[in-house]
Amino acid sequence: MPRPCITLLTDFGWRDTYVGQMKGVIAAINPDANVVDLTHDIAPQQITQGALALADAVDVFPPGTIHVAVVDPGVGSDRRLIAAEVGRQKFVCPDNGLLTFVWQRATQRRAVVLDEPRWWRTSVSNTFHGRDVFAPVAAAWSLGHELTQFGSPTDSPLVEVPVAEVAIRDSAVSGVVLTSDSFGNLITNIERRVIPVGATHVEIEIGGHHLSEIATCYADRAPGEALALFGSTERLEIAVVNGNAAERLNIQTGQPVEVRWRGVQL
Amino acid sequence: MPRPCITLLTDFGWRDTYVGQMKGVIAAINPDANVVDLTHDIAPQQITQGALALADAVDVFPPGTIHVAVVDPGVGSDRRLIAAEVGRQKFVCPDNGLLTFVWQRATQRRAVVLDEPRWWRTSVSNTFHGRDVFAPVAAAWSLGHELTQFGSPTDSPLVEVPVAEVAIRDSAVSGVVLTSDSFGNLITNIERRVIPVGATHVEIEIGGHHLSEIATCYADRAPGEALALFGSTERLEIAVVNGNAAERLNIQTGQPVEVRWRGVQL
Amino acid sequence: MPRPCITLLTDFGWRDTYVGQMKGVIAAINPDANVVDLTHDIAPQQITQGALALADAVDVFPPGTIHVAVVDPGVGSDRRLIAAEVGRQKFVCPDNGLLTFVWQRATQRRAVVLDEPRWWRTSVSNTFHGRDVFAPVAAAWSLGHELTQFGSPTDSPLVEVPVAEVAIRDSAVSGVVLTSDSFGNLITNIERRVIPVGATHVEIEIGGHHLSEIATCYADRAPGEALALFGSTERLEIAVVNGNAAERLNIQTGQPVEVRWRGVQL
């Protein structure tokens with residue numbers, strides 16, 4: 001078996017030792033696991049942000065990677081804890097919407113409710129299931145156990161966060177800014193596939209700013225200029241070359257974005 | 001031998017390459033070591049904060065894990081450099097108080113002064129013993145060498161930082177806020193074991209705020225409300241549900257906290 | 001073969017999953033690679049800062065370590081992508097100056113232009129070559145392939161960033177502050193070797209402040225006092241004991257520094 005991979009995505013930040021403690025629990029169970037941080041800077045309790053980050057990151061990992069996601073304001077309450085296989089990736093997280101985007105786009109998927117405490121730490125706190133439940137389950141899973149050993153299969157729907165849908169019209173699509181990254185690039189919910197390949201006279205409008213085409217790369221414009229392009233997750237992004245678009249255009253998450261085109265010439 | 005685990009706890013931050021350089025030194029000596037970051041965000045030169053973080057994090061790691069702690073304002077001066085075995089965990093750090101809490105609660109413990117330069121980097125700087133002494137000693141130790149190969153056993157007491165003791169009275173205990181975490185949760189020095197199990201009418205007072213019981217988990221209250229609960233290290237915490245208690249209650253490290261109860265009904 | 005080491009240095013920050021995605025790509029190709037973060041906090045698009053950080057960090061890594069550096073404002077444009085062997089270290093990065101300092105100080109060095117797409121991800125974005133080109137090339141290289149399998153050897157000079165040279169006179173040297181670290185220590189381009197070993201009456205002037213000698217370690221002065229010393233990369237640093245020199249002395253990157261001495265007594 002090649003060295004198994006476990007990822008961690010949380011809202012714990014890097015300042016405390018919480019993430020380190022999860023890695024300690026994993027190391028004690030499977031010292032050979034390769035633990036990778038996806039991010040720990042999800043804003044506190046922002047499940048939707050975590051769900052998006054998870055969905056955008058997991059595809060590049062080797063099949064069988066176990067992704068542990070902990071943005072968990074309900075820790076210690078009666079929300080369900082789950083493990084799931086979705087496509088060729090595996091997940092361990094609270095059932096609070098973190099799997100929304102991963103789950104929706106998959107056809108091969110199944111989940112269990114974590115109800116087998118023998119895999120957990122002997123003493124389970126009410127505030128840190130990341131360390132006491134999710135980490136030990138992921139570590140044990142990485143040793144080769146089967147999904148169904150960790151709990152009972154469930155067919156009841158998982159909790160989902162609201163999803164901002166795009167509105168597609170004849171020669172236009174409306175969406176919103178989902179998030180901005182640390183460069184200040186504004187990432188929207190408008191995916192490349194909803195805009196016809198041969199569309200001409202493309203125009204993008206966002207917060208009173210107008211952009212007159214979709215560029216290929218950041219260097220297509222002069223430093224300081226705004227541009228639109230399809231980013232690394234195939235979503236439309238608004239960027240400022242060598243600058244911070246979120247600050248320069250003064251735009252927040254949720255801001256409407258519209259893309260219009262004149263017609264498709266085949 | 002399973003893959004050995006080495007942890008790093010420093011005040012170096014994540015911005016510079018200092019932590020990366022320590023990992024480079026370790027990789028050159030023991031490529032199989034599993035290096036885990038506990039945290040690098042200890043406030044510069046705050047030894048007490050580092051000592052607490054270390055004590056709260058190490059227990060979950062596999063026996064034999066080597067913890068390297070570097071919060072070291074005296075680097076290059078004549079403070080002692082030590083390695084220690086405390087219970088089933090191992091430590092490498094300056095003798096400046098970083099081991100205080102780990103050392104106090106253990107019975108099985110022994111230390112050596114690092115006075116065997118053959119384990120160090122050939123050229124030792126006066127500003128970066130983390131890279132030049134502690135990392136290579138930890139890496140060599142992880143290869144299976146004995147503690148006493150790294151230096152001379154010492155019986156002289158280790159340096160200790162001042163410890164904020166709780167004052168336990170008949171039906172009350174007084175403590176202080178030790179630190180706040182990145183969620184803004186206020187973590188006190190009042191441990192679960194000092195409050196009788198059957199205590200009723202529990203009241204918590206902190207900075208003019210009154211809380212009337214100890215909750216079980218964050219979701220016990222509505223978003224925005226303050227609550228007290230025992231956190232993942234069995235210490236009393238004051239939190240604001242889905243909010244930042246340190247900011248909302250305007251409370252700093254060192255703030256007195258009092259817990260009172262009416263009587264224990266058996 | 002011992003477990004190969006790959007380092008990552010970027011301006012991606014820790015907040016997004018970009019770094020995690022690069023690690024996912026590497027894990028899928030070489031699960032045994034030991035991936036070490038040098039830093040991801042290079043200021044966005046600041047190639048010179050990245051080039052300096054890289055040059056100061058790589059020497060401690062085991063021979064054959066592959067360093068992936070991605071500060072890449074020109075991503076997706078026609079800048080060259082390169083892989084290089086410099087001394088006993090290996091590098092994968094855009095040809096935009098990131099290798100300047102590493103390259104200048106080496107005699108054994110050779111580079112190829114990455115023009116063999118069979119090593120890349122099947123679908124290459126225009127915004128994230130770190131994930132789509134550099135990570136998979138580094139991972140494949142760590143499996144033992146030869147440099148020349150990844151592209152065509154090039155003899156045309158690599159792009160270089162401007163280098164702030166020191167001006168050495170009879171009994172004085174003038175330089176500048178290159179950067180400050182997270183402690184606020186001001187790191188200059190004046191290296192230990194340019195000041196005669198027996199120099200006396202050494203005086204340092206920076207931004208109107210005068211320091212009258214070069215100290216040995218931070219603890220040589222009282223807390224709050226400024227001092228000059230040679231740091232862990234053998235460069236002259238200006239520090240404030242247990243304080244932040246950049247803030248306290250109000251000094252930015254680029255600030256001139258002068259060191260004068262009276263004479264060398266042999």
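Between chain A and chain B there are ten residue pairs in polar contact, both residues of each pair being at pLDDT 80 or more; a polar contact is a pair of N or O atoms within 3.5 Å, where within protein one must be able to donate a hydrogen and the other to accept it, and residues adjacent in sequence count only if both atoms are side-chain atoms. This is a predicted model, in which local features need pLDDT of at least 70 and side-chain atom pairs count only at pLDDT 80 or more, while totals for chains, interfaces and linings use all residues. Residues are numbered from 1 along each chain as its sequence is written, chains are lettered from A in the order in which they are written, and side-chain values use heavy atoms, with hydrogens and water left out.

**The interface**

- The contact (heavy atoms within 4.5 Å) takes 32 residues from chain A and 31 residues from chain B.
- The buried area, which is the accessible area (1.4 Å probe) that two parts lose on being put together, summed over both, is about 2,600 Å² for chain A and chain B, and carbon and sulfur atoms give 57% of it.
- Of the area that chain A buries against chain B, Arg15(A), Thr17(A) and Thr127(A) supply 23%, more than any other three residues.

**Helix H1 of chain A**

- Helix H1 (residues 18–29) gives the most to the side of chain A that touches chain B, with eight residues; helices (H or I, at least four residues) and strands (E, at least two) are DSSP runs, numbered from the N terminus.
- Ten of the twelve residues of H1(A) are buried, among them Tyr18(A), Met22(A) and Ile26(A), where buried means under 20% relative accessible area, exposed over 50% and partly exposed in between (1.4 Å probe, protein chains only).

**Two residues with positive phi**

- Most residues other than glycine have a negative phi.
- Asn242(A), however, has a positive phi near 55°, and this residue is found in the loop between strand E16 (235–240) and helix H5 (245–248) of chain A; Asn242(A) counts as partly exposed, because its relative accessibility is 39%.
- His201(B) has a positive phi of about 50° although it is not a glycine, and it lies in the loop between strand E11 (199–200) and strand E12 (203–206) of chain B; His201(B) counts as exposed, because its relative accessibility is 52%.
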